[in-house]
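Subject: Structure for you to look at

Hello,

Here is the structure I promised. Please open it next to this email and follow along.

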Amino acid sequence: MKRASDFRFRHGYLIHQIFIVSLTSLSAIVILTPVVWMINAAMRPIKEVLTYPPRLDPSQLTFEYMASLIENDLYRGYFVNSSIISLSTLAIVIVLGLLAAYGFSRFKMGGGRIMLLGIMALLMLPTVTLIVPYFRLAHLVGLYDTRLGLIVVNSAFILPICIWLLKGYMDAIPVDLEEAAMIDGCTRLQALQRIVVPLAVPGIVGTGTFAFIFAWNEFLLAVTLTDTPDAQPLTIGLAAFFGQFVRDWNSIMALSTITSIPLMIIFVLFQRWVVQGMTSGAVK
Amino acid sequence: MQKLTRFSVLAAMIVLAVLLSACVAQPESAAGTASEADAMEEEVVEITWLQWWVNEWGPDNHAQLIADFEAQNPNIKVTVVDVPWPEMAGKLQAAAAGGSESYDLFGTESTWIAGLTKQGFIEDLGPWLENDPEFAAKLTPTTPMNLLGETRGLCLYLIPYQFAYNVDIFEEKGLEPPTNWDEFVAVLEALRDEESNSYGMSMPLQDGGFLLLRYFNFRLAQEGGQMLDADGNVAFNSAEGVAAMQWWKDLYDKDLVVPGSFGEDQALMLEFVASGQTAAIIDGPFIWTKAKQIDPEIRMAYAPAWTHNTGGYSWACSGMGIAANSPHKEEAWEFFKYIYSDAVSLKMTQTVSLLWATNAAVDSLADSEDPMLRHVPAFANQDPESNILFAPLPEASKLIDAFQQAFQQVLAGEKDAQTALDEAAAVWQAELDAAK
Amino acid sequence: MREKGTPPAASSATGEEVTAGKGIESGSVRARRVPWRMMNGYFFVGPAILFFLFVSVFPLLRTLQMSLVDVEAGVPKFVGIRHYTDLVQDPWFWNSLRNVLVFTISSVILHISIGMGLALLLNEEWFNTTLRNFMRGLLILPWVFSTASSGLMWTLLYHPFGLLNYMWVGLLNQEAPIEFLAKPGLAMASVVAVNTWKSYPFYMIIILGGLQAIPAEIYEAAKVDGANAWKRFWHVTLPQLRPILIAISTIDIITTVGHVDLIRMLTRGGPLRSTETVAYYIYKTALLDGNLGYGAAVSTLMLIMLAILIIIYLRVLSQGGDAGETSF
C-alpha cells in the first residue's frame, strides 16, 4: 500500500505535476462556484438572479451597481473607517502579540500558565455575551461610537489568538541563534527584532492576515458600539441592505465583491513575504 | 541588511496606522464640542430616535419626515440612529442593560416589549395618554401595546394578514382571486406545475412569530378561536386551535407549497413572489411596496375578505416606545404627537402602504383605490369580535419558540395537533403565571 | 526513521531548558542574568496583560456578576446560583450543547483536513510559480467575504430553486428538490459545509506557513533513507507541524463553539431547533428575551466546560509528544 503512493513520486516529474495541478484546480472550481455566483449576482438585475432556471448569460452584465457604490460618499466613508480600524487593530495585535508570544515562549515565569489560560478564557466567552458589558464599558470611558473604541475591542478579541499562534511559531525557532546574538552584545529586544522576527515572518503574515480579516469583517461589536456613519465600518454599510423583508441583492453582492478586492491584493502582496521569509530562514 | 529593512517597513506601517487613527480621531471630538456649544446658545434639545425604518420607508421620505418635524418644532433636533432590523433587538437590549441614556425614543416590535420592561428601560405611557386625551382620541383602540395592564408602547402601524396575489400571473392563467379557504386551495392546485417546477405560494416557517401570525392565527381567527382568553390564559389548544393546525397540516401534505418551508425565511418568500417563482403570498398590505423594490413592474392585489366560521383576521403591529431614563421625555412625546398626527398618518399610509395606527388613517381607507389597502377595512370590521391582535407577551421569544416547535412537529408528522398544542400551551401558561 | 523525523527545531524551547542548554557554554552570562530572567519575561508579556486587564477583565467579571443577578423592572436582585440550577434542568440547553458538539467536531475536522490537503498541494514544487501563487490567492477567497454575504450567497445556492437544486432537479431529473436547510440532520450538515467553506483558508495559510518553515534538509535526509511520500508525511511533516496543529485546532474549537453569525443567517437554529448551538441559545435568551442573567449563566457554564475540555485536550495531545510547551 505504501509502495503505491511512492510510485507517483518516482515516476516522472510530469505525472507528479499533472496530479498536483489538476487536483488543486478541481478543488478551486468547487470552492469558487459560490463566488462566481456572487459576482454574477453583483452584475445583473436582481430579478434575473432569482429566476429558475438560473441565468448566466454574460451579455447582460452591468457594472452599474458597483459603480454607484463607489460613487457613494457614505460608502467611501465606511471604507476609510474599515481601513483605519483594521490597520490599527493589526498594528496593536502584532506588536503586543509578538512581545507576549516571545515572553511566553522564551521565559519561565511564575504564573505564566495561569496568564496563558486566562488569556484563552477571554476568548472562550462568545461575543454575544460580551456585547452588553462592552456597551457599558464604552459609555463609561467615552469610547462609544468612536473608531478607537472598535479598535480596542477588536484587538482584545484577536490578541489571544495571535499570542497563541505566534507562540507556536516561536517555539519552533531554535534558541541557539538568539543566544549567540546576545553573546555578541545584542539585547533581548534586539535579538527579538533581528533574529526571531525575520524567522517568524511566515507566522506573522498568517497571524496578521487573520487579525486584519477578522477586524475587517467584524460586525456584531460594530453594530452594538457605534451609532453614526462617522465611526462605522463597511460591515454596517452592508447590513443596511438587509431589510426585514427585502434584501438588496445587487448592492450586497456588489459591495462584497468590491470590498474583497483590496483584501485579495493585500494577501497576494503579503504572500511574497511568506516565500521570502522561508528562504531567509533557510539561509540562516 | 535586507531583513532589517523589511522589519522597519513593518514598523513604519504600524506607526503610520496608529498615527492615522489618532489623527482622524481628533477632529471628531472638536466637532462634538462645537455642536454642544451651538446647543447651549439656541437651547435646542436633541432627541435620539433609534429605529430600523430608513430604508423601509425610503431614505428621502424618512429625511423629509424629520425635516418637517424640526421645522414645526425649532427647539427640538432629532438624531436618527438607523439599525438594520435583524440587529434591533440586540441593540435595544444592550442599551437597556447598559443603562444608557443615548436613546430617547425607539421603534419596537411587540415581542421585545417584555424584555425591555424587565430591564426597566421602557416608559409606561398610560399616564401620558391620560394627560393628553386629545392625542389619545386620535389613536385606534388597538394602538396601545399593553403588557400586563400597562401601556408600554404605541403601535405605529397595524398589519392584517391576507392572501395577496400577482395580478399578471392570475390574469395570464385565467384565475380569479379566491374568496374563501376552499378556493384558496383550488387556486394553489391550479398554480402547481410540475413541468416548470412552479408553485402557488411558499410557506416560510423558519421564523416562529411569522408562522404564528400569518398562518396559525389567521386560520384560528376564522375558526372562531383565540390565542388567549379574556383572563389572559392560554386558549390556543382549544378545538378551534386543533382545527386550525390540522388545516395547515393538510395543506402542507398536498405538495402545494414550495418545499423547504422549515428552512425558508420571509426574505426568500418575498423573492420567490417578486421573481414570479410563486404567484401568491399571505402577508400585510405593505408587501406590494416591498415586492416592487425587487421588481418595479409587479402588480399585486389582496383577495376580498374571507369568512369561514367567523370573519376574524389576524393582526399585528410594530410600534414605538419612550426610554424610561430619557431626560427629554417631553420632547419625545412631542415627536409622538407629530408622528401620529393626521398629516403624517395619511402621508405614510399612502406612500409606503403602512396602515398607520390612527383613526385618520383607518378612516381614509374607506375610499382608497389601492388594490391592497381598500380591502383592509373589511378585515377589520367584518367580525371585530373574532379578530386576534398579537399583544406583547412575557418571555415572547421563548413562547414563540415553543409554538414554532409544536407547529413544525405537527407538519413533520411527529405529533398530532392536540398533543403538540397542549405541550406548547403548558409552556405558555407557566410563563404567563410566572409573569402575573 | 523516528529519530530522523524528530526535528531539532521542534524540541522544547521553554526558558527552563534554554537555561540548562546554555549554562555550559556561557556560564558567566547566565549567572549574571538569572534574577533578570523572570523580570524580562514580565517585560515582554506585560503590555498584553495590561491591555487585557483594562479591556477584557471588566466584561468577564461583569458576565460572572450578571449570572448571579436577576433584573426585575430595572432593579437588580441577587439570586445566587438559581440561574445555574435552572440551567441544569433546561432541556434546550442540553439540546444546544449536543448541537454545538456535532457542529464543532465536524467543523474542526473538516477545516484542518481540507486546510492540510490544500496546503500540501500548494507547498509542492510547481512547474510555474506564478500559477501556484495565483492558486494560493484564489483559494483564500472564501475567507475574505463577510459572513453576511457568504451566508446570503449560500442561501442562493441552497434554496429550492437555487443552483444546487437546479442541477439536482433540472439536470439530474430528480423528483423533489433537496431541502438543504429544512431537514434536521441535513440542515446541520449544510451549515457545517458553509462554515468549512468559509474558514478553511485560514487553516490552510497557517499550515502552509508551518510547512515552509520545515527545513528542506530533513526531507532530503528522509529521502536518502528511502522513506516514501506517505512515510515522509507521517514521520517528518506531521511531527514538525505538531505544535501548529495543536494551536490551530484549539483556536478552531474555541471560535467554532462561540460562533453565531452563520447560524443566524442560515437557519436561526431551526428546523426543530436542530442547529441551535449554545452560543445561538445565549443570543436568543439574552438579547431577544432580555434574560441577561440567564444568558450570562449559560455563557459562564460554557466557559468552564470549554476550559476543562481544552485543558484535557491539550494534556492528552502533549503526552508523549515533544510539544509540551503548548500545554498549560
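What do the buried residues of helix 4 of chain C pack against? Keep that in mind while you look. One caution comes before the answer: this is a predicted model.

**Helix 4 of chain C**

Start with helix 4 of chain C, residues 57–66. Its buried residues are C:P59, C:L60, C:T63 and C:M66. They cover an arc of only 130° around the axis, so they sit on the same side of helix 4 of chain C. An α-helix has 3.6 residues a turn, so residues three or four places apart point the same way.

Now the answer. In chain A, the partners are helix 6 (112–124) and helix 7. In chain C itself, they are strand 1 (69–72) and helix 16 (292–318).

**Chain C with chain A**

Next, look at the whole contact between these two chains. Chain C gives 97 residues and chain A gives 94 residues. On the chain C side, helix 3 (residues 27–55) gives the most, with 14 residues. By class, that side of chain C has 69 nonpolar, 20 polar and 8 charged residues.

**Chain A with chain B**

Chain A also touches chain B. Here 36 residues of chain A are in contact with 37 residues of chain B. Several helices of chain A each supply at least two residues, among them helix 3 (46–49), helix 8 (147–171) and helix 12 (220–225). The largest share, 6 residues, comes from helix 5 of chain A. By class, this side of chain A has 21 nonpolar, 9 polar and 6 charged residues.

**Inside chain B**

Chain B has domain 1 (43–158 + 318–367) and domain 2 (162–312 + 393–435). Their C-alpha centres lie 28 Å apart. The contact takes 7 residues from domain 1 of chain B and 12 residues from domain 2 of chain B. The domain 1 side has 5 nonpolar, 2 polar and no charged residues.

Finally, find helix 18 (residues 396–411) and helix 19 (residues 417–435) of chain B. How do they pack? Their angle is about 175°, and their axes are 9 Å apart. An angle over 145 degrees counts as roughly antiparallel, so helix 18 and helix 19 of chain B are roughly antiparallel to each other. Residues of helix 18 in this contact include B:L399, B:F403 and B:V410. Those of helix 19 include B:L421, B:V427 and B:W428. By class, the contact has 11 nonpolar, 2 polar and 3 charged residues.

Best wishes

Technical notes
Residues numbered from 1 in each chain as written. Chains lettered and ligands numbered in written order. Predicted model: local features only at pLDDT ≥ 70, side-chain atom pairs only at ≥ 80, totals over all residues. Helix = DSSP H or I, 4+ residues; strand = E, 2+ residues; numbered from the N terminus. Nonpolar A, V, L, I, M, F, W, Y, C, P; charged D, E, K, R; others polar. Axes fitted to C-alpha atoms, helices over the stretch in contact; angles between N-to-C directions. Parallel < 35°, antiparallel > 145°, perpendicular 65-115°, else oblique. Buried ≥ 20, exposed ≤ 12 C-beta atoms within 10 Å, placed from the backbone. Arc of directions from axis to C-beta. Domains from an automatic or database assignment.
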